[in-house]
Amino acid sequence: MQSELSHSEASASSPTAEQRAIWRVFLECGYALIDILDAELQAEAGMTLRRYDVLVNLEEADRPVRMNELASRILASKSGLTRVIDRMEEDGLVERQRPPEDRRAIEVVITPKGAQALQDARLVHRRGIQQHFAQHLDDRAFAALLDALRPVHEHARPLRPGRISGTPPDPSA
C-alpha cells in the first residue's frame with residue numbers, strides 16, 4: 001500500500017508525457033537559438049554572445065556598473081566573468097574603474113570602441129532573432145507565447161541563483 005501511495009503521489013506531481021514533450025521542445029529551441037546566435041555573432045561580428053550580453057547590460061545601465069551587479073545582470077553564468085572582462089578590457093571594449101567613494105569596489109564601463117562593437121553586433125543579433133525566431137511566429141503566436149511564459153518567468157526569475165529579480169531587460173536590445 002505504501003509503495004502504491006508513493007507511486008500515486010509521484011505520478012500526481014510529475015509532468016505528463018505531453019508536458020515533458022513540450023518542455024523538451026522549449027529547451028531544444030532555447031539552446032539551439034543560443035548556439036546559433038553565438039555562432040553568427042562570432043562569425044560576422046567577431047563577438048561571443050556572452051560579450052554581447054555584457055555590453056548590452058553596460059549600455060542599458062548608462063553608468064558604471066560594479067562587477068557584482070554586472071554578474072547578477074548577465075544572462076550567462078557568472079562563472080568566469082572576471083576573465084571575460086579581462087579580455088574585453090584588453091580588446092578595448094570595456095574599462096575598469098575604482099569609484100572615489102569606495103576604492104575597494106571595481107566598476108565596469110563600456111568604451112567608445114565597445115559601443116561601436118555593440119552597434120555592429122546588434123545588427124547581426126537582431127537579424128538572427130528575426131531569421132531564426134520571429135519569422136516563424138505570427139502576432140497571435142507571439143501573444144500566446146508571452147501569455148504562456150509570463151507566469152513561468154515571474155516564478156523563475158527571482159529564483160535564479162545569483163541573479164537580480166528586478167525589471168527584465170529591454171526587449172529592443
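Buried residues account for 26% of the 173 residues in the chain. The model is a predicted one. Its secondary structure amounts to seven helices and three strands. Read from the N terminus, the elements follow the order α-α-α-β-α-α-β-β-α-α. Contacts between residues at least 6 apart in sequence were also examined; of these, 55% join residues at least 24 apart.

The three strands build an open sheet in the order 1-3-2, with antiparallel pairing. Strand 1 (65-66) and strand 2 (94-97) each have a single partner strand and stand at the edges, so one side of each lacks a neighbour in the sheet. Helix 3 (residues 49-61) packs on this sheet and touches strand 1, strand 2 and strand 3. The direction of helix 3 makes about 95° with that of strand 3.

In general, strands of a sheet pair through backbone hydrogen bonds, in a parallel or an antiparallel sense. Here, strand 2 and strand 3 (residues 107-110) are joined by four bridges in the antiparallel sense. Glu95 stands opposite Val109 in strand 3. Arg96 stands opposite Val108 in strand 3. Strand 1 and strand 3 pair over two bridges, again in the antiparallel sense. On that side, Val65 stands opposite Val108. Val108 of strand 3 therefore faces Arg96 as well as Val65, because strand 1 and strand 2 stand at the edges of the sheet.

Helix 3 carries Arg51. With a relative accessible area of 14%, Arg51 falls under the 20% cut-off and is therefore buried. The Arg51 side chain makes a polar contact with the side chain of Asp91, at 2.9 Å. Asp91 is also in the list of residues that Arg51 contacts beyond its neighbours within four places in sequence.

The loop between helix 3 and strand 1 holds Asp62. Most residues other than glycine have a negative phi. Asp62 is not a glycine, yet its phi is positive, at about 55°. The relative accessible area of Asp62 is 72%, over the 50% cut-off, so this residue is exposed.

Phe133 sits in the loop between helix 6 (112-132) and helix 7. Its relative accessibility of 31% makes Phe133 partly exposed. Residues up to four places away in sequence aside, Phe133 touches Leu33, Gly128, Phe142 and Leu145. Phe133 and Cys29 are 104 residues apart in sequence, but their C-alpha atoms are 9.1 Å apart in space.

Helix 7 (residues 139-156) comprises 18 residues. From its first C-alpha to its last, helix 7 reaches 25 Å, close to the 26 Å expected at 1.5 Å a residue. At the start of helix 7, a side-chain oxygen of Asp138 comes to within 3.1 Å of the backbone nitrogen of Arg140. Further along, helix 7 has a kink of about 35° at Leu149. This kink lies shortly before the proline Pro151.

Terms used:
Residues are numbered from 1 along each chain as its sequence is written. This is a predicted model: local features need pLDDT of at least 70, side-chain atom pairs count only at pLDDT 80 or more; totals for chains, interfaces and linings use all residues. Side-chain values use heavy atoms; hydrogens and water are left out. Two strands pair if DSSP finds at least two bridges between them. Contact means heavy atoms within 4.5 Å. Axes are lines fitted to C-alpha atoms, for helices over the stretch in contact, and angles run from 0 to 180 degrees between N-to-C directions. The expected span of a helix is 1.5 Å times one less than its number of residues. The bend at a residue is the angle between axes fitted to the seven residues ending there and the seven starting there. A polar contact is a pair of N or O atoms within 3.5 Å; within protein, one must be able to donate a hydrogen and the other to accept it, and residues adjacent in sequence count only if both atoms are side-chain atoms. Buried means under 20% relative accessible area, exposed over 50%, partly exposed in between (1.4 Å probe, protein chains only).
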